[in-house]
Amino acid sequence: MNKAEFLHILRERLSILDENELEDILSEYEQHIDLKAAGTMTEEAAIADFGDIGELTAEILEAYHVRADFDRNKEPEKKNESHKNAVMRAGRKISDSCKKGWEGFLRGLENIGLFVQKWAGKCGSAIHNLFSGKKNTEEKEEKKAAKRNENLKKNRLLSFGSREHEEKRDKMENKKRITLFSVIGMMCRGCAAAVMWCVKAIWNVFCTCAGLFTGLFACVCIFILGTTIVLLAMGYPLLGILLAVLGLTMCTCSFTVLCFTLIIRRKGQAGESTGTAVREADEEEETVHA
């Protein structure tokens with residue numbers, strides 16, 4: 001067996017190892033053979049000196065912690081099988097996820113259909129109630145008008161023959177008649193009321209802002225007053241400043257109270273005027289029914 005055959009057999013039997021490790025082993029044995037062949041030995045004798053090639057490869061594999069009966073060609077088959085199993089598992093997962101997604105989509109469509117059906121029923125019932133409500137309100141108004149006419153007839157029958165009641169009724173009817181002058185008067189009164197309301201609103205806003213500003217200034221003056229009292233007690237000559245701050249505090253507090261009392265008085269007067277107007281309207285209604 002020459003060197004080439006020996007290295008070829010060694011390469012085949014050690015093919016389980018990595019390429020770098022295999023090349024290192026082969027180069028090492030090739031150097032040993034070349035060294036021995038350079039001396040008195042031939043290549044065949046140098047190779048025979050290594051011993052049985054099977055035992056040699058077994059020792060080398062044992063040194064690298066690899067089983068001698070391990071077949072490297074079987075490893076790709078196992079890898080292919082593992083790849084196939086992985087692909088099959090991935091396919092099953094994808095199919096299961098697709099089924100679940102389709103089922104969820106169908107459930108979503110079903111829920112949307114139920115939701116649309118529910119809201120369509122509600123809208124239909126609301127429209128029905130709306131139109132039926134209009135009819136009911138018209139019927140109620142007709143009934144109220146009929147009752148009003150009956151009450152008027154009864155009042156006319158009761159007040160028939162009484163001159164005093166007829167005169168009062170005529171006066172009330174004359175008051176209720178709308179003429180051009182009455183319309184102009186109503187418009188003028190409305191404009192005057194609007195102007196007065198604006199003036200009152202401006203006055204109330206002014207009084208409120210002035211009261212708040214002077215109230216805050218009064219708080220500051222009270223703080224300064226307390227500070228000057230403390231400094232005066234400590235021996236500082238601040239009696240004149242203390243009197244000035246005291247006077248300013250009293251002025252601001254009194255002005256604040258004045259502003260808020262004006263607002264409260266305005267509200268009281270407005271309440272009294274509305275109360276008198278309501279009483280007059282009630283008296284007029286009593287005279288009409290009498």
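1. A word on terms to begin with: helices (H or I, at least four residues) and strands (E, at least two) are DSSP runs, numbered from the N terminus. Ser254, for example, lies in helix H8, which covers residues 239-289. This is a predicted model, where local features need pLDDT of at least 70 and side-chain atom pairs count only at pLDDT 80 or more, while totals for chains, interfaces and linings use all residues. Residues are numbered from 1 along each chain as its sequence is written, and side-chain values use heavy atoms, with hydrogens and water left out.

2. The overall fold is simple to state. The protein chain has eight helices and zero strands, which reads along the sequence as α-α-α-α-α-α-α-α. Of its 290 residues, 14% count as buried. Here buried means under 20% relative accessible area, exposed means over 50%, and partly exposed is in between (1.4 Å probe, protein chains only).

3. Next, the record. The unreviewed UniProt entry carries the annotation "transmembrane region" for residues 178-197, 203-232 and 239-264. Its positions are given in the numbering used here, feature names are shortened, and annotations may be inferred rather than shown by experiment. In the model, residues 203-232 are 100% helix and 0% strand, with the end C-alpha atoms 42 Å apart. Residues 239-264 are also 100% helix and 0% strand, and there the end C-alpha atoms are 38 Å apart.

4. Ser254 deserves a look in this context. Its relative accessibility is 44%, so Ser254 counts as partly exposed. The C-alpha atoms of Ser254 and Gly215 are separated by 9.5 Å, although the two are 39 residues apart along the chain.

5. How many salt bridges does a search of the whole structure find? The count is four, taking a salt bridge as a side-chain nitrogen of Lys or Arg within 4 Å of a carboxyl oxygen of Asp or Glu. In one of them, the side chains of Lys3 and Glu30 meet at 3.8 Å, N to O. That pair links distant parts of the chain, 27 residues apart: Lys3 is in helix H1 (residues 3-13) and Glu30 in helix H2 (residues 19-38). Lys3 is buried, with a relative accessible area of 19%, whereas Glu30 is partly exposed at 32%. Lys3, Glu30 and Asp34 are linked in a network of salt bridges.

6. Arg11 and Glu23 form a salt bridge as well, at 3.1 Å from N to O. Because Arg11 lies in helix H1 and Glu23 in helix H2, the pair ties together parts that are 12 residues apart in sequence. Both partners are partly exposed: Arg11 has a relative accessible area of 34%, and Glu23 has 38%.

7. Asp49 and Lys36 meet in a salt bridge at 2.8 Å, N to O. Asp49 lies in helix H3 (residues 43-49) and Lys36 in helix H2, so this pair ties together parts 13 residues apart in sequence. Lys36 is partly exposed, at 22% relative accessible area. Glu43 is also in helix H3 and is partly exposed at 28%.

8. Now the surface. Patches are made of residues with over 30% relative accessible area and no salt bridge; like charges are joined within 9 Å, and nonpolar side chains (Val, Leu, Ile, Met, Phe, Trp, Tyr) within 5 Å. Lys and Arg count as positive and Asp and Glu as negative, while His and the chain ends are not counted. A charge is placed at NZ of Lys, CZ of Arg, CG of Asp or CD of Glu.

9. Asp52, Glu55, Glu59 and Glu62 form a negative surface patch. Glu62 is found in helix H4 (residues 53-63) and is exposed at 59% relative accessibility. A patch of positive charge gathers Lys140, Lys143, Lys144, Lys147 and Arg148. Of these, Lys147 lies in helix H5 (residues 74-159) and is exposed, with a relative accessible area of 57%.

10. Please also look at the nonpolar surface patch of Trp102, Phe105, Leu106, Leu109, Ile112, Phe115, Val116 and Trp119, which together have about 860 Å² of accessible area. Accessible areas come from the Shrake-Rupley method with a 1.4 Å probe, and for residues only the protein chains shown count as cover. Ile112 has its place in helix H5 and is exposed, at 52% relative accessible area.
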